[in-house]
Amino acid sequence: MVLNTQLAIAQNQELVLTSTAQVELLEQLLAIGSALSNSQSWEKLLELILSKSREITCSDAGSLYLIDRSDGIAKLLFKAAQNDSMPHVTFREFAMPITRNSLAGYVALTGESLNLPDAYNLPPEVPYQLDTNFDRDFSYKTRSVLVLPMQNQQGELIGVLQLINRKVKPDTVVNPENLNWTTQPYSDWEARIVRSLASMAAISIERNHLQESIENLFEGFVKASVQLIEKRDPTTYGHSERVAALSVALSTEVNSVTSGPLELVDFSLRQLQEIRYAALLHDFGEVCVPEALLHRLKKLSPEQLEIVRTRFAVAGRTLELDTAQAKLQYLQTAFDPTSEELVKFDISLIEAMEKLDRLWELLLKINEPESSITREFQPLSDEELALWTELSQYQYRDIDGQLKYLVTTQEMAQLMVPRGNLTPEERLAIEAHVTYSYHFLKRIPWTNDLKNIPSIVLSHHEKLDGTGYPQGLKQEQIPIASQILAIADIYDALTAGDRPYKDSISAESAVNILKTAASKNKLNPHLVDLFDQRQVYTVLEQASG
């Protein structure tokens, strides 16, 4: 009776220990599932799958294969390997055909698990065999092996997980001499648990692959959008890419600041990606701006200038015709072809034509936009001002006999623009591209990691003193990412060599202009100083080099 009681107690204790171990294993499995769900990096995900599988089974080594169907022929890609007893051995990725001859190939083809107590002693009837190359090359010895398929929820094969040498004690270093007493076979319970883990791993891999595909798709969309913008306005070719490079480089430098106002700013990898996409798309709204405004290099468009040129030509022909008619009328009354009066007619015509030429030359001069970036507007001389006043009032007789102004009121308004080549109304139309960009980007269902892209883009033309557009925000209202984007945008506009309406300037001059703007509370002075001190602009030289 006592003996039976003791036996029952011992069995009960063993059952409790076994149950406890299984519960702990299940808890580990749940924790691993959570870790797999949170893993973002593709490489880290594969390493995590392998390390956790080895951890819960106390495996000395393991390897992971993924199915590759990229060229239409399915094959196994050797993606990851780990070995506790030989941690310094490096592994390289390679592809292998899927056949029944290899352990991984057999599992991939059949979907069955293999639990081999001794991989060197296999039944003669099985088609597979252990690849002993690693053991031979590195003086290792494989004994117990567990090979499992990694299948998604639809039962499709994603890869194969292979675990090697289940150890008796976790910290044991396995070698050919101690193999028999340091390793043991995998239990059926472990095989079932790890198969569940392999399924979770397959789903995580598939999710990660889907996320990668979505990100590649979005990256393609962004690049296509940038190409669309630049196709409409070739003069800005490469601008968005350069602004993105500068913005990310400056943001990265901000992360390294250890003192001052920027010390508390820290961008995560996802936030850096957010800034990059915002920079790439910051001018997308230009697709809604009339091309005539985007492509105008001077105050008058080429079409407008050609119309004005035609008017000048008609005015000149009218002067010649009027002179010829005046001569004819004089001769009909005076009958004296040698009269000095006829010479006066010619002199008057020459003077009038010369005046017309001077007016045309003045118009061409004024049609050249003064750059608000590189130089101040030069006022007209007294003589030019008098000519300009005369031009604004000059009338000619058109071919229909009607008197018309040589330059229309609208054309005069465009020519009177003191800086640049746009009237206030036209500049507002150009500035509206920011709002267009915002409303377009707001319609995209961004993930939480990228949800700030629209607001970053909307605020990148704001100034710290509230004089920017479109909302007139002040410093505390402007996202720090937008302040960074503003510096990158202005710097590239200053130094770009592809703007035909202005000359590019040196990096040093551009930085000085940025500093001047910062001193006037237009740009963030701490960011500008960092941009200068760390020579962030050299990222463009590295990219082009």
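Predicted model: local features only at pLDDT ≥ 70, side-chain atom pairs only at ≥ 80, totals over all residues.
**View 1. Helices α18 and α19 pack against each other at an angle of about 165°.** Helix α18 covers residues 507-519, and helix α19 covers residues 525-533. Their axes lie 9 Å apart. Angles over 145 degrees count as roughly antiparallel. The two helices, α18 and α19, are therefore roughly antiparallel to each other. Their crossing is left-handed. From α18, the contact uses V511, L514, K515 and A518. From α19, P525, V528, F531 and D532 take part. By class, the residues of this contact are six nonpolar and two charged, with no polar ones.

**View 2. The largest cavity has a volume of about 30 Å³.** A search of the whole structure finds one cavity of 30 Å³ or more. Its lining consists of E462, L464, I478, Q483, A486, K522, L523 and N524. Four of the lining residues are nonpolar, two are polar and two are charged.

**View 3. The second largest pocket has a volume of about 800 Å³.** The pocket is lined by 30 residues, and the closest to its centre are Y65, F78, F94, D131 and F134. Strands and helices both contribute: β1 (59-68), β2 (75-83), β3 (94-97), α3 (103-110), α4 (133-138) and β6 (157-167) each give two or more residues to the lining. Helix α4 provides the largest share, five residues. The lining divides into 15 nonpolar, 11 polar and four charged residues.

Key: Residues numbered from 1 in each chain as written. Heavy atoms only, no water. Axes fitted to C-alpha atoms, helices over the stretch in contact; angles between N-to-C directions. Helix = DSSP H or I, 4+ residues; strand = E, 2+ residues; numbered from the N terminus. Parallel < 35°, antiparallel > 145°, perpendicular 65-115°, else oblique. Left-handed = near helix turned anticlockwise from the far one by under 90°. Contact = heavy atoms within 4.5 Å. Nonpolar A, V, L, I, M, F, W, Y, C, P; charged D, E, K, R; others polar. 1 Å grid on protein atoms, 1.4 Å probe; cavity = no way out; pocket = protein on both sides within 12 Å on 5 of 7 lines; lining within 4 Å. Points joined across faces, edges and corners; volume = space filled by probe spheres on them.
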